Amino acid sequence: MAISIRFVRSPKNVVYILLAIFFLYFFFALKFGHNKMTQKKPRGQIIQEPSLTTQVPLGHTSLSSNHSVAVLVMACNRPTVARALESIERHNPKKNHVPVIVSQDCGHMKTARAISKFTSVKLIKHPFYKDPVPDGVSSHMAGYYKLSRHYKWALTQVFEVMGFSAAIIIEDDLEISPDSFDYFLATLPLLYADKTLMCVSAWNDNGKPENIEHAAPYKLHRTDFFPGLGWMLTKDLFTELVPKWPQAFWDDWLRQPEQRKGRACIRPELPRTSTFGQIGVSMGQFYMDHLRFIQHSQTHVNFSSIDLKYLIKENYDPWFKDLVQSAPLITVDELQTSSIDQLSMRVMYNSLKEFENIARRLGIMSDAKEGVPRTAYQGVVTVMYTGVRVYIVPSHFLSSVV
C-alpha cells in the first residue's frame, strides 16, 4: 500500500497515467465511432440532413424583399370556401399580416354569404360571369372557359387596380399548413433574384405520405412542372402573360414551352396545401386515386431562418446532378423485391411510356404535360419509396445537365 501511494504521489507518474488514459480513450472512441459512421442505413429509416446550407454552394446573391403581397382566394359556387378561409385566417401571421382578397365568380348567393362572415377579407365580384362562352363550346367544357376568364380578371384587379407586386393564389377547396405564409414570404425573393424561376407552389403532386421524406419538412425542390394548387407569382410574370391569356385551360397553357420558357417553380417536399374539392370544373380528376391522400404538413418550419440561395439555378443544378449521379443504379424490379441498404437509388427510363410504367408500379402520378412528368426537374422525378430516396431519371439527364 505504501509503495502504491508513493507511486501516485509522484508528479511524473501522474502525467504518465493521464497520458495512458487519454490514448486508451482516443483508441476506443476512434474504433467504435468509425464503426458507427460506416454502418449502412437499415431499410425504411430516413436520415435527416444536418443542414441544407452545408450541402450546396450558396453563392452571394442577396435575398431580400420589400414587395407587397396579397392572398387571392378564387371562389365560385362552393360555400365550403369557408373552410379555406378559416385555414388562411388561422395561419395568417399577426406580424407581417398578409391581406386576403376573395374573388367570386358565378354570383352564387349562398357562397357570397359564407364569404361575408369573414370580416377581415375583401370580397370582389367578377362582373362578367354571365357573359357567354365562345360558340361551339359544349356545356361540360364551358367551366374551363369561365375559370380562365375569372383568373385573368381577378389577377388584373390584384396587380393593376390594387397595385400589389405579388399574389398567393389559393383555390376555394384548399387548406394550408401552419407555415405556409412563412414559406411563401421566405421564397418570394427567389422569384426576383433568379429569372429562371416563374412561381413558388405549396403543392407536391407526389405528396402522399408514403412518397415523402417526413424527417425533412424544410426540404424544397425545383420543378419544371407547374404544380398550381396554392401558388405564388409576381406582377412581372402576369404582365408578361396577360396579353396572350388563353380562353380556357389556363394551367395547361402555362405549362407550354412558349409560356414557361425553360423556367422552373419551387415546390416543397412536404405539401403545404391539401384539397377537399372532389367536385369541381375538372370533375374530380385524379382525386380518388391520388389527391385525397395528400395531406398538408402540420409541422412549422421557420423558412425565413434558412438560407434558400441553394435553390438558385447556378447553385442547385450542379448539386442536384451530383445527388442523382451518386445514387446507385437499380431496376424497378430490384427496387420492389430487394432489401435496399442505401439512402438513395436511381432508376432509369428511356421514354415517357417507360416512365409511366415505372410510376404506376411505384404508386405515383404517371402523367406528363408537354413532355414533363409531374414534379420533374430536368426530367428527373424524385420520391420516397419504402424509406429510400428514388430518382427516376431519363437516359439523357447525366449528359445534359451542366
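Visitor: Which residues form one aromatic cluster here?
Guide: Tyr 151, Phe 159, Phe 226, Trp 231, Phe 238, Trp 245, Trp 250 and Trp 253 form it. Keep in mind that this is a predicted model.

Visitor: How many aromatic pairs does the structure hold?
Guide: It holds 19 aromatic pairs. One of them joins Tyr 183 and Phe 184, with 5.3 Å from centre to centre and 50° between the planes, which counts as tilted.

Visitor: Are Tyr 183 and Phe 184 buried or exposed?
Guide: Both are buried. Another pair is Phe 320 with Tyr 391, an edge-to-face pair at 6.4 Å centre to centre and 80° between the planes.

Visitor: Where do Phe 320 and Tyr 391 lie?
Guide: Phe 320 is in helix H10 (residues 313-326) and Tyr 391 is in strand S15 (residues 388-394), so the pair ties together parts that are 71 residues apart in sequence. Both Phe 320 and Tyr 391 are buried.

Visitor: OK, S15. Which sheet is it in, and what is the strand order?
Guide: S15 belongs to an open sheet of 3 strands, ordered S11-S15-S14, with mixed pairing. Strand S11 (344-349) and strand S14 (381-385) are the edge strands, each pairing on one side only. From one strand to the next, the twist averages 25°.

Visitor: How do S14 and S15 pair, parallel or antiparallel?
Guide: They pair in the antiparallel sense, over 5 bridges. Tyr 391 turns up again here, as the bridge partner in S15 of Thr 382.

Visitor: What does H10 touch on that sheet?
Guide: H10 packs on the sheet and touches S11 and S15, its direction making about 105° with that of S15. Helix H12 (residues 352-362) also packs on the sheet, touching S11, S14 and S15, and its direction makes about 140° with that of S11.

Visitor: Switching topic. What is the strand order in the sheet of 8 strands?
Guide: The order is S3-S2-S1-S4-S8-S6-S9-S7; the sheet is open and the pairing is mixed. S3 and strand S7 (220-223) are its edge strands, since each is listed as pairing on one side only. Neighbouring strands are turned by 25° against each other on average, direction ignored.

Visitor: And S2 with S3, parallel or antiparallel?
Guide: Strand S2 (residues 100-104) and strand S3 (residues 122-125) pair in the parallel sense over 4 bridges. Within S3, Ile 124 is the bridge partner of Ser 103. Between S2 and S3 the chain passes through helix H4 (residues 109-116), and this β-α-β crossover is right-handed.

Visitor: Which residues of H4 are buried?
Guide: Thr 111, Ala 112, Ala 114 and Ile 115 are the buried residues of H4. Seen down the axis of H4, they fall within an arc of 160°, so they line one face of the helix. Met 109 and Lys 110, on the other side of H4, are exposed.

Visitor: What do the buried ones pack against?
Guide: The buried residues of H4 pack against S1, H3, S2 and S3.

Visitor: Where does H3 lie?
Guide: Helix H3 (residues 81-91) lies across strand S1 (69-75), S2 and strand S4 (166-171), and runs at about 165° to S1. Helix H5 (residues 142-161) packs on the sheet too, touching S1, S2, S3, S4 and S8, with its direction at about 155° to that of S1.

Visitor: Last one. How do S6 and S8 pair, parallel or antiparallel?
Guide: Strand S6 (residues 197-201) and strand S8 (residues 231-234) pair in the antiparallel sense over 2 bridges.

Terms used:
Residues are numbered from 1 along each chain as its sequence is written. This is a predicted model: local features need pLDDT of at least 70, side-chain atom pairs count only at pLDDT 80 or more; totals for chains, interfaces and linings use all residues. Side-chain values use heavy atoms; hydrogens and water are left out. Two strands pair if DSSP finds at least two bridges between them. A crossover is right-handed if, with the strands pointing away from the viewer, the path from the first strand over the helix to the second runs clockwise. Axes are lines fitted to C-alpha atoms, for helices over the stretch in contact, and angles run from 0 to 180 degrees between N-to-C directions. Contact means heavy atoms within 4.5 Å. Buried means under 20% relative accessible area, exposed over 50%, partly exposed in between (1.4 Å probe, protein chains only). The arc is that of the directions from the helix axis to the C-beta atoms. Rings of Phe, Tyr and Trp (its six-membered ring) pair if their centres lie within 6.5 Å; planes under 30 degrees apart count as stacked, over 60 as edge-to-face and the rest as tilted.
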